[in-house]
Structures are given as structure tokens and as C-alpha cells.
Amino acid sequence: MSFFTESRLRLVEFNLENLFVFLDHYKGQDLDRVTEREWQGFSSSTTPNKPLKQVRELARAIADLDPDILMLCEVGGLESLANFSKYFLSDRYAPHLLEGNSDRGIDIGYLVRRALPFTYDLISHKHRPLDFLYPHERQTILNGFDHLRSAKVDSHKFSRDVLELRVFDVDPTEPALIILLVHLKSQLDRSRIDPGGRDRRKAELDKLVKIQKEIEDEFEGRVPVVLTGDFNGSASRPEPEVEFETIYRDSKLEDALEWAKQPADERFTYMQLSNSRTRPGRNKQLDYVFLPPALGARVNEKETWVYRFKDDFGMTMIVPRNFNEKKLLPSDHYPVVVTLDPAKR
């Protein structure tokens, strides 16, 4: 048996909402005492640092959860991730991040507890073609006007990346665990060619499941593969949105919250608030940790849930009812917590 199978492990998926932590002008000042203006002055980037109060609150939530592996979205690069761990998490976590395709500099990455006896490989899939073009692009090719396109592409790629973390335990040649972390296409459609981003998101999801299947075949099903991240849509049973049906059709994966039998109304990770006084907002689950049966059997039902932020007194904060209350939270997403018990012999 290995440490991975014999130990209790906690995985946390968390969209940190624009975690930029640039400190190129930092000279060792006490970060518990600096003002927000001083904090912003530590960075020379055109992108502002995440507000210091929110950074501290993110760190407090992570300390409360005490995870072994953090799977993170919306991180401002390796420098921000390393600074966050060093200055706010007592450097207990090693950062793992490769720059992806985001046009906003919001990458995906991992923080892994340094005390774990594992070694790791990090693999980017950002250059993988999706085998996808928008209808007008396909029509351009069919009509023979491909030479007129300003940027010739045979296929689009992931909006950010699929960042693969291979976790090695006893056997240095075969991983004990593989995690595929993703931040799928958002619902924004600035070009007005793909309402809700659905076609592009489906193409990204289909390729993600294909990558998962390739890895399963590579190791002949011996290595558990986890799909996780911000899916930017509802992938939950019993009625997943159409772009996510591939998960259930082409894999044996299930949402960790489903394995844990969590009530449906407690699974939301995002609050989609409305500007209308007559139309209420909607709470949605956008963040997922999909597990294969081998790991689903290890899920601790009482310690697998969607975490709610706490205030300075350790009390659970209310779910926001308006935009002002939402701004009080350290992130616009709640983290998904998955606790795995030791494997049964």
C-alpha cells in the first residue's frame, strides 16, 4: 500500500477571483499593518493587486480548511501564486503553474502541501486543438475564402488550459493520481457569435473528456483521473446543461458532491445576482470535482461539501442578496471541499 491509498487526503477546488499578488516594490513591511494604498503600491503592474483584505480572508478560509492539494482558478501567474503561499500561507504550499491562453492573465494552478511525500509532473494542454471552428469560420473555408481571413486557424484551443498534475508516490514510473484542472469558456460573448459561450464551452468539455480517456487508456485504468475546475455552467445531474452531457455519456465520473449525497440546494458555488428588483438572483453550481468510482468509494460524506466563508469572529457569513453584500466576500465563488478516507483493504 502507498501513502496515497493509506492516508486521509483533502482536495479543494477554488476560484480565487483575480488573485493578483505582485510585490516587486515590497521591502519587508508588516503586511498586517499596511494600508490598502501601500499594498497596491507594492506592484508596478497595470493590473491591480487583489484587495489586501480579501487576500487575507482567502488565506483564512484555506487555513480553516487545511487542504492537502488546492486546485485553483483565476490566479495571476506563478509569481502571484508563490507570493500568496509565501506571505499569507506561511509557505506551507508549493506552487505549480504554467501560463495558459487567458487574455486576462488569469491562469489555473495548484498549491500542494510541502509536507506530502509525493513528487509531481505538471503538463499543459493549452496547445491542444479543440477540433472546433465557429460556423462562420467553417463557411469561410467551404466557400474558398480562407485566404481572406486575418488569422488562419484550423481549430481554436482552450480558453485557458487543461493543466495536468501527475502525483507520484511509491512507483516513480506510474502516478498514484492524475488531476485535470480546467477553467472552461465563460458565458460572455463579446463577439456575439456564440450566445452564452455554449458552443465553445462544449468543444472544450468534449476535448477535456477525450484527454481523460487517453490517460485512462495509457495506464489501462490503473490510475484514477480527476476532472475539476470552474465549468462555467451547470454540469449537475439530473439535468446537466447540454454541453456537459459528454461527461456522463463517455466516462464513469460523478460529481464529488453526488458521491457525498449533498443536498442539491447546498451545492451552489456561485451567486448570479440580478439588477432587477422583480427578478431574483440565482444560486448555481459552477465548480466541480468529478471523481472516478475508485475515489468515489473513498469520499467522506460528512467532510465533502461546499464551504461558506466566515467572518472575523468565525461565524458563517450570509449568502449575498445584492451586489454590495457580494463584494464583502473574498471571492465570488465558494470552494468545493473533497475529503478522501483511506482506501478499504
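I count a residue as buried when its relative accessible area is under 20%. The model I am reading is predicted.

**Entry: Gly76**

I looked up Gly76 first. Its relative accessibility is 7%, so Gly76 counts as buried. I found Gly76 in the loop between strand 2 and helix 4. I then asked which residues Gly76 touches, not counting those up to four places away in sequence. They are Leu19, Phe20, Phe22 and Gly105. I also checked the spacing to Phe20. The C-alpha atoms of Gly76 and Phe20 are separated by 4.6 Å, though the two residues lie 56 residues apart along the chain.

**Entry: helix 4**

I moved on to helix 4, residues 77–88. How far apart should its ends be? With 12 residues at 1.5 Å a residue, helix 4 should span 16 Å. I find its end C-alpha atoms 16 Å apart, which agrees. I listed its buried residues: Gly77, Ser80, Leu81, Asn83, Phe84, Ser85 and Phe88. In an α-helix there are 3.6 residues a turn, so residues three or four places apart point the same way. I looked for what covers the buried residues of helix 4. The cover includes strands 1 (9–19), 2 (69–75), 3 (93–97) and 4 (107–113), along with helix 2 (36–41) and helix 3 (52–65). Just after helix 4, I noted a positive phi of about 55° at Ser90.

**Entry: helix 3**

I ran the length check on helix 3 too. Helix 3 has 14 residues and reaches 20 Å from first C-alpha to last, close to the 20 Å expected.

I traced an open sheet of 6 strands, in the order 5-6-7-8-12-9, with mixed pairing. Its edge strands are strand 5 (119–124) and strand 9 (254–255), each pairing on one side only. I looked inside the sheet at strand 8 (residues 225–230) and strand 12 (residues 287–291), which run antiparallel and are joined by 4 bridges. There, Asp230 stands opposite Asp287 in strand 12. I then asked what helix 6 (residues 198–218) touches on the sheet. Helix 6 packs on it through contacts with strand 6 (162–168), strand 7 (177–183) and strand 8. The direction of helix 6 makes about 170° with that of strand 7.

Definitions and conventions. Residues numbered from 1 in each chain as written. Predicted model: local features only at pLDDT ≥ 70, side-chain atom pairs only at ≥ 80, totals over all residues. Heavy atoms only, no water. Pairing = 2+ DSSP bridges. Helix = DSSP H or I, 4+ residues; strand = E, 2+ residues; numbered from the N terminus. Contact = heavy atoms within 4.5 Å. Axes fitted to C-alpha atoms, helices over the stretch in contact; angles between N-to-C directions. Expected span 1.5 Å × (residues − 1). Buried < 20%, exposed > 50% of the residue type's maximum accessible area, 1.4 Å probe, protein only.
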